[in-house]
Amino acid sequence: MCRFAADCLALFERLTHDLEVILGPDTADLGLRVGIHSGPITSGVLRGEKPRYQLFGDTINTTSRIESAGERGRIHVSQDTADLIRVAGKEAWLTKREDHVKAKGKGSLQTYWVCIREGQSGSTNQDESVVSSADEVPSKDFVSSMMVRDNSQKNRHKDKLDRLV
């Protein structure tokens with residue numbers, strides 16, 4: 001999941017650089033924050049006018065809190081996810097966040113930044129899978145939940161993008 005997040009951030013950076021030429025310098029203000037937490041979840045399809053697949057549970061709520069406390073262009077993970085990263089032998093990816101995150105309903109959380117060095121991120125070939133082997137998934141009882149949000153002003157470039165499409 002961390003490799004996927006790193007690949008998404010790198011792709012987003014290239015995309016915003018390309019869009020800056022088309023849409024103007026304000027496009028450089030676009031950014032992503034990534035938050036990852038691991039734990040049990042519940043899922044299901046919500047029916048209605050527009051049925052959709054949803055994930056529920058404390059893991060999803062904690063993921064949202066981790067993402068909200070993150071910084072633009074960085075991968076922010078919980079203690080539970082950091083423990084799983086260590087078990088996978090990737091402790092070098094982790095940098096302990098100096099301050100604790102105050103999360104509503106959770107209290108004070110120790111969190112970490114993930115920094116995957118050049119050559120450690122996902123695949124180098126677009127046809128390769130981001131996860132290279134099944135043994136990288138620590139447990140079937142846990143899922144890593146990732147929140148990615150655009151932290152720019154909503155609809156800022158909507159008109160320009162609509163014209164391009």
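1. Arg 52 in strand β3 is the bridge partner of Leu 46. Strands β2 (residues 42-46) and β3 (residues 52-56) pair in the antiparallel sense over 5 bridges; pairing requires at least two bridges found by DSSP between the strands. The hairpin has 5 residues between these strands, and Gly 48 takes a positive phi near 155° there.

2. The model is predicted: local features need pLDDT of at least 70 and side-chain atom pairs pLDDT 80 or more, whereas totals for chains, interfaces and linings use all residues. Residues are numbered from 1 along each chain as its sequence is written, and side-chain values use heavy atoms, leaving out hydrogens and water.

3. The protein has 4 helices and 9 strands, taken as DSSP runs (helices: H or I, at least four residues; strands: E, at least two) numbered from the N terminus. Their order along the sequence is α-β-β-β-α-β-α-β-β-β-β-β-α.

4. Asp 83 forms a salt bridge with Arg 86, with the closest N and O atoms 3.3 Å apart; the term denotes a side-chain nitrogen of Lys or Arg within 4 Å of a carboxyl oxygen of Asp or Glu. Because Asp 83 and Arg 86 lie 3 residues apart in helix α3 (residues 79-87), about one helical turn separates them. Arg 86 also forms a salt bridge with Glu 91, at 3.5 Å between the closest N and O atoms.

5. The structure holds 6 salt bridges, including one between the side chains of Arg 74 and Glu 71 (3.4 Å, N to O).
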